[in-house]
Amino acid sequence: KAEDTGDYVGVDGGNNHGVAASDGYLGKALGPILDRTRAKNAERQKQGHVHKLQSRRSACKQLLDREAKRIVASAIRGHKSIAVEASNTLANLRPRGSIGAWARQHLGRRVHEHVVLQGVSVREVWTPYSSTECRRCGCRDKRNRSGVSFRCVQCAAIGHADTLASMTIRDRGRAVFLREYEKGTKNTDRLQIVPAFSGGVS
């Protein structure tokens, strides 16, 4: 079994970006991919090439498969584990917009599949409010977020909402690891530094 390092690459899936990682990486938006696929299919239908029609989801899934591989490769390079949204949380998500929850569910599944092959540890964490919780003052308010922009209504901290969410997911993974250590179920010899559970905002 892969060893949990206690330090993580936090991963947040979403509509604005297919994936956001706590190391600052932001993937491509899924909406434009769906739009291009729809336009291509319309043109193919017009030309009578019905057999060449592509599922709108399949194009996004191909991108998310590549993103999952990139996340695992990044974790390997940094000697880190991966913190992702809990599968039971994803299963209960309500559809949002034209993309809904399936993209985040697909990304989570693919990350799990790749870590098995690469020997990387993955931890599922509780993620509600991760994109609306201020990392400076702890304020949870849906007004904190507007699209990809985050601005706390309480302390005025600002940042990229998806990046902040991935950092919160990372820190929640660390917090669970430390609680397990305090109970004597984890060894933190390899965990040299545990940063404060804040940052990312200005």
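Biologist: Which residues count as contacts of Leu107, leaving aside its neighbours within four places in sequence?

Modeller: In this predicted model, Leu107 is in contact with Val11, Gly13, Gly18, Val19, Leu64, Glu67, Ala68 and Ile71. They are called contacts because heavy atoms lie within 4.5 Å.

Biologist: What makes Leu107 stand out in the largest nonpolar core?

Modeller: That core has 23 residues, and Leu107 is among those that touch the most other members, along with Val11, Leu30, Ile71, Ile82 and Val111. Two or more residues each come from β1, β2 (19-21), α1 (31-46), α2 (56-77), β3 and α4. The largest share is that of α2, with 8 residues. Apart from this core lies another, of 8 residues, including Cys134, Cys152, Leu164 and Met167.

Biologist: Which residues lie nearest the centre of the largest cavity?

Modeller: Val11, Val84, Glu85, Leu107 and Gly108 do, out of 10 lining residues. Two or more lining residues each come from β1 (8-13), β3 (81-85) and α4 (102-118), and α4 gives the most, with 4. The lining has 5 nonpolar, 2 polar and 3 charged residues. The cavity's volume is about 50 Å³. It is called a cavity because a 1.4 Å probe fits there but cannot get out.

Biologist: How do you know whether the length of helix α5 agrees with its number of residues?

Modeller: At 1.5 Å a residue, the 22 residues (161-182) should span 32 Å; the end C-alpha atoms are 31 Å apart, which agrees.

Biologist: Why is α5 called largely enclosed?

Modeller: Buried means under 20% relative accessible area. Of the 22 residues of α5, 16 are buried, so the helix is largely enclosed by the rest of the structure. Just after α5, Gly184 takes a positive phi of about 85°.

Terms used: Residues are numbered from 1 along each chain as its sequence is written. This is a predicted model: local features need pLDDT of at least 70, side-chain atom pairs count only at pLDDT 80 or more; totals for chains, interfaces and linings use all residues. Side-chain values use heavy atoms; hydrogens and water are left out. On a 1 Å grid over the protein atoms alone, a cavity is a set of points where a 1.4 Å probe fits but cannot get out, and a pocket is an open set with protein on both sides within 12 Å along at least five of seven lines; lining residues have an atom within 4 Å of a point. Grid points are joined across faces, edges and corners, and a volume is the space filled by probe spheres set on the points. Ala, Val, Leu, Ile, Met, Phe, Trp, Tyr, Cys and Pro count as nonpolar, Asp, Glu, Lys and Arg as charged, and the others, Gly among them, as polar. The expected span of a helix is 1.5 Å times one less than its number of residues. Buried means under 20% relative accessible area, exposed over 50%, partly exposed in between (1.4 Å probe, protein chains only). A nonpolar core is a set of buried Ala, Val, Leu, Ile, Met, Phe, Trp, Tyr and Cys residues joined through side-chain atoms within 4.5 Å.
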